[in-house]
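Trainee: I'm new to this one and would like a close look at a single part. Could you put it up and walk me through the charged pairs, then the strands?

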Amino acid sequence: MHNKKRMKRKIYDRLLQWKRVSQGDSALMIEGARRVGKSYIVEEFAKKEYDSYILIDFNNTTQQMRDLFVNYLNDLDTFFMYLSLYTGTTLHQRRSLIIFDEVQRFPTARAAIKYLVKDHRYDYIETGSLVSIKKNVKNITIPSEEEPIELNPMDFEEFLWAMGEQSLMTLIRMQFEAGKPMGQDMHRKAMTWLRQYMIVGGMPQAVLKYAETKDFNQVDRQKRLILNLYRNDIQQYAEGLETKVTQIFDEIPSQLQRHEKKFRLADLQKDARYRDYDSAFLWLADAKVVNICFNSTEPNIGFKLTKDGNTLKCYMADTGLLISHSFDENGIVKEELYKKLMFDKLEFNEGMLMENIVAQMLRAAGHKLYFFSNYSKDDAEKRMEIDFLVSKAITTSRHNVSPIDVKSGKNYTLSSLEKFRKKYVSMLSTPYILHTSDMKTEEGVTYLPLYMTPLL
C-alpha cells in the first residue's frame with residue numbers, strides 16, 4: 001500500500017527526541033482520540049528505530065498475557081522470558097521497544113511501567129484513549145516515569161503531505177513571516193486545499209481513503225465508522241453519564257449552527273445547569289472527541305483566572321467528522337453536498353465549519369481555546385463577541401493577547417472587534433481577522449487567509 005508511507009506525522013520527531021534524551025529513563029504515553037493514528041505511528045517508529053519490538057494490544061490480548069503482569073512483576077527475568085516466548089520475539093537490551101497499546105483497557109500494565117522503566121532493559125511506549133477517565137485510573141498510581149504527549153488529528157500540513165503536496169506550507173509560512181500576500185493563484189490553490197481538508201478532516205483513515213480514491217462517498221463511510229465507534233465508546237465507558245454525553249454529542253451540530261455558538265443547555269433540558277452537565281462535557285473532552293472553548297471574561301494573560309465556567313463552546317475535534325455528523329438524515333452525505341461544500345456553494349451556515357476548523361488548527365498548534373463574550377441587555381457598546389483569544393508565545397508586561405475573529409463570507413462588519421480594541425487597548429497584541437481572502441493589514445488589523453491559522 002504505497003500511500004501508507006506518505007502518512008508522515010510530526011509527532012515522529014518528538015518520539016525520536018524522547019528516545020535520544022530519555023535513554024530509557026521514562027516511558028512515553030501517547031494520548032489521543034480513537035482512530036487518530038496512535039498505534040500506526042508507534043509501530044512505524046518501532047520498525048525503523050529498534051532492532052526488535054513487541055506490541056501488546058490490550059483491546060485484544062490473552063488472559064495469559066495479562067497474568068504476566070499480575071504474577072511476575074517481582075521477577076522480571078521470568079517476565080521477559082515469557083513475554084518473548086508468547087510473542088516469538090527476541091528482545092535485545094537497550095535496543096528493543098515494548099508497546100502497550102490501548103493501555104487504559106488494562107490499568108495494571110500501566111501501573112507496572114514504574115518497575116519496568118526502573119529495570120532499564122528496554123524502552124516503553126504506551127498509547128491510550130480515554131486515558132484519564134475515572135474508571136481507567138481507579139486503584140492505580142499513575143507512574144511518574146510516564147511522559148504524556150497528545151496526538152491530534154492530522155494538521156493541515158500533514159494533510160498536504162499525505163496528498164503529495166510537499167512544499168505549499170513552506171511557501172505559506174514564508175509569506176506569513178514576511179507579512180506578504182500569497183498572490184491570486186497561490187491563494188486560490190491554498191484555499192482549495194483548505195476546503196478539502198475541512199471536508200475530509202484529519203482522521204488518518206479518512207485522509208488515506210481520500211488520497212487513494214478522491215471519492216467523498218468513500219471518505220464519508222470511513223468517517224461514519226469512526227462516529228459509530230465514538231457512540232459505542234460513550235455507551236460502554238461513560239458510566240452513569242451515557243445519556244447526558246449522548247445528548248451533548250448529538251446536539252453539537254445544531255449548537256454550532258446558531259449565530260451565537262455558545263452551547264445552550266436549555267436545548268437539552270429546561271432549567272439545565274452547567275454543573276449538572278460539566279462532567280459530561282469533561283468526559284467528551286477527555287475522550288478527545290470535542291474541543292471545548294471557554295469564555296474568558298477579560299483578555300488577560302492568565303485566561304484561566306478569568307474563566308467563566310458557565311458558558312462554553314463545544315467544537316468537534318475533527319471538522320471532517322462534524323460534517324458527517326451534521327448531515328445525518330439518511331446515514332450518508334451525498335456526493336453533491338460535498339461538491340457544494342467544495343465550491344463554496346452551500347447556502348447553510350458555513351460559519352460553523354470555518355470556526356470549527358480554526359479551533360481544530362489552533363489546538364493542533366498547541367493553543368488552549370478561549371473566546372470572549374460580553375452580553376448586555378441595555379448597552380449596545382458593551383455587547384461584544386470575539387471568536388478566539390490567543391496569547392503570545394513570549395509574555396511581556398502588556399499587549400499579550402490577540403483577538404481573533406473568523407469570517408466565512410465576503411461581507412462582514414468589525415463592530416465587536418472595534419469595541420473590544422477600544423476597551424482593552426493596553427492588553428492587546430495584533431488583532432486578527434481570519435477570512436477567505438488573501439493577507440492584508442489595514443488600520444492595525446491583520447487579515448489572514450484561513451490556512452495561515454496554524455502559524456499564529
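Trainee: Does Glu 157 count as buried or exposed, and at what relative accessibility?

Mentor: Keep in mind that this is a predicted model. Glu 157 counts as buried, because its relative accessibility is 9% and the cut-off for buried is under 20%. Its side chain meets that of Lys 10 in a salt bridge, 3.0 Å from N to O. The two sit in distant parts of the chain, 147 residues apart: Lys 10 belongs to the loop between helix H1 (2-6) and helix H2 (11-22), while Glu 157 is in helix H8 (residues 156-162). Lys 10 is partly exposed, since its relative accessibility comes to 33%. So this salt bridge has a partly exposed end at Lys 10 and a buried end at Glu 157. The pair also belongs to a network of salt bridges that links Lys 10, Asp 155, Glu 157 and Arg 173.

Why would such side chains pair up at all? Side chains of opposite charge can do so when their charged atoms come close.

Take Glu 150 and Arg 363, whose side chains meet in a salt bridge at 3.1 Å, N to O. This pair, too, links distant parts of the chain, with Glu 150 in strand S5 (residues 146-150) and Arg 363 in helix H17 (residues 351-364), 213 residues apart. Glu 150 is partly exposed because it has 33% relative accessibility, and Arg 363 counts as buried because its value is 18%.

Then look at Asp 250 and Arg 231, where the salt bridge is 2.8 Å from N to O. Here 19 residues separate the partners: Asp 250 lies in helix H13 (residues 242-256), and Arg 231 in helix H12 (residues 216-237). Asp 250 is partly exposed at 39% relative accessibility, and Arg 231 is partly exposed as well, with a relative accessible area of 26%.

Now for the strands. Strand S8 (residues 370-374) has 4 of its 5 residues buried, so the rest of the structure largely encloses it. S8 runs parallel to strand S6 (residues 290-296), and 2 bridges join them; Phe 294 stands opposite Tyr 370 in S8. S8 also pairs with strand S9 (residues 384-386), this time in the antiparallel sense, over 3 bridges. In that pairing, Phe 372 stands opposite Ile 386 in S9.

Last, find the open sheet of 5 strands, ordered S10-S11-S12-S14-S13 with mixed pairing. Strand S10 (388-391) and strand S13 (440-442) are at its edges; each has a single partner strand, so one side of each has no neighbour in the sheet. On average, neighbouring strands of this sheet are turned by 25° against each other, direction ignored. S10 and strand S11 (residues 401-406) run antiparallel and are joined by 4 bridges, with Val 390 opposite Ser 402 in S11. Helix H18 (residues 415-423) packs on this sheet and touches S10, S11, strand S12 (432-435) and strand S14 (445-449). The direction of H18 makes about 170° with that of S11.

Note on methods: Residues are numbered from 1 along each chain as its sequence is written. This is a predicted model: local features need pLDDT of at least 70, side-chain atom pairs count only at pLDDT 80 or more; totals for chains, interfaces and linings use all residues. Side-chain values use heavy atoms; hydrogens and water are left out. Buried means under 20% relative accessible area, exposed over 50%, partly exposed in between (1.4 Å probe, protein chains only). Two strands pair if DSSP finds at least two bridges between them. A salt bridge is a side-chain nitrogen of Lys or Arg within 4 Å of a carboxyl oxygen of Asp or Glu. Axes are lines fitted to C-alpha atoms, for helices over the stretch in contact, and angles run from 0 to 180 degrees between N-to-C directions. Contact means heavy atoms within 4.5 Å.
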